[in-house]
Amino acid sequence: MTRKTAKDFHPEVLKLFDNYVHGRLSRRGFLQSAGKFAVGAVTAEGLLEALSPRFAEAQQVAVNDSRLKTRYIEHPSPEGYGKLRGYLAQPAVINGKLPTVLVVHENRGLNPHIEDIARRLALDNFIAFAPDALFPLGGYPGDEDKARDLFPKLDQAKTREDFVVAAQLVKSLPESNGKLGVVGFCYGGGIANYLATRLPDLTAAVPFYGANPDLNEVAKIKASLLIHHAGKDERLLAAWPKYDEALKTARVRHAGFIYPGAEHGFNNDTTPRYDEASAKLAWGRTIDFFNQNLRA
């Protein structure tokens, strides 16, 4: 079967899907609005199914890859939800201390794609930790729609505290070289921006299509930032210039890249919004950035 890309869908369907995945449109609302774009045997349900993730097909690193050591760990988070849980991935053989990277998911919790991202980082000789913000509500439920419905029920103040503790946890592991980075996607990109304002010991942050932090807090940023945005992401692109200006004013070391023609979510290779060229370029830049900033 030929893999579908964003070009196989009407632009309005992609906008509807973006609103759906960000909670601005219900499933019923998507189906009703997308119905007018269903042609022939293709139904609105079929459009939604075609746009939904294919985790197994996109997996790059096997769960049981012998080059890695992976496990789930829990840790107290007294200022958050009391306890956090996440997926830890690291090389099976470690020579010397390694840099650490916190991986922050989209608004669906710790799904198989984000675990795969953690394993990819581990293969590049990082220690990666991916928390599950949905753990207090039972964890990622194995269904993207159910996960999306659960997400608004989180107390974001507590969830942010859980991510702060998770960052401190991975940085303090015995195998860590003491340098911490964070990479996040969509919701996680916003968390990466937030953590940059919150953690003075954060060395490097890479938000993929993430919301701006409180611009009044930008002067607190000590980390270097690498910021990725999609060329067709009108909402976030409209906000980016103010953030860029605030970073310049605060003299924060940063670089921002806009990927022409790419849709929001372009790095997520489980869905048709994946843009292979943009994703490979952005991910290559991300690994280079972490290598430059996090290696001793």
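## Overall architecture

A residue counts as buried when its relative accessible area is under 20%, as exposed when that area is over 50%, and as partly exposed in between. The model described here is predicted, and its secondary structure comprises ten helices and eight strands. The C-alpha trace extends over about 60 × 45 × 35 Å along the principal axes.

Among the contacts in the protein with a separation of 6 or more, 67% are made by residues 24 or more positions apart.

## Surface, burial and charge

Buried residues make up 53% of the 296 in the protein. The exposed surface comes to about 13500 Å², of which carbon and sulfur atoms supply 51%.

## Ser77 in strand 1

Strand 1 covers residues 68-77 and includes Ser77. The relative accessible area of Ser77 is 0%, so this residue is buried. Leaving aside residues up to four places away in sequence, Ser77 touches Gly82, Lys83 and Leu84, and also Glu161, Asp162 and Val165.

## Salt bridges

Side chains of opposite charge can pair when their charged atoms come close. The structure holds 21 salt bridges, one of which joins the side chains of Arg27 and Glu45 with an N to O distance of 3.1 Å. Because Arg27 belongs to helix 2 (residues 27-34) and Glu45 to helix 3 (residues 44-51), this pair ties together parts that are 18 residues apart in sequence. Arg27 is partly exposed at 35% relative accessibility, and Glu45 is likewise partly exposed, with a relative accessible area of 41%.

Glu49 and Arg54 also form a salt bridge, in which the closest N and O atoms are 3.5 Å apart. Glu49 has a relative accessibility of 49% and therefore counts as partly exposed, while Arg54, with a relative accessible area of 30%, is partly exposed as well. In the salt bridge between Arg67 and Asp65, the closest N and O atoms are 2.7 Å apart. Asp65 has a relative accessibility of 14%, which is under the 20% limit, so Asp65 counts as buried. Beyond individual pairs, salt bridges that share partners join Arg27, Glu45, Asp145 and Arg148 into one network.

Notes: Residues are numbered from 1 along each chain as its sequence is written. This is a predicted model: local features need pLDDT of at least 70, side-chain atom pairs count only at pLDDT 80 or more; totals for chains, interfaces and linings use all residues. Side-chain values use heavy atoms; hydrogens and water are left out. Helices (H or I, at least four residues) and strands (E, at least two) are DSSP runs, numbered from the N terminus. Buried means under 20% relative accessible area, exposed over 50%, partly exposed in between (1.4 Å probe, protein chains only). Contact means heavy atoms within 4.5 Å. Accessible areas come from the Shrake-Rupley method with a 1.4 Å probe; for residues, only the protein chains shown count as cover. A salt bridge is a side-chain nitrogen of Lys or Arg within 4 Å of a carboxyl oxygen of Asp or Glu.
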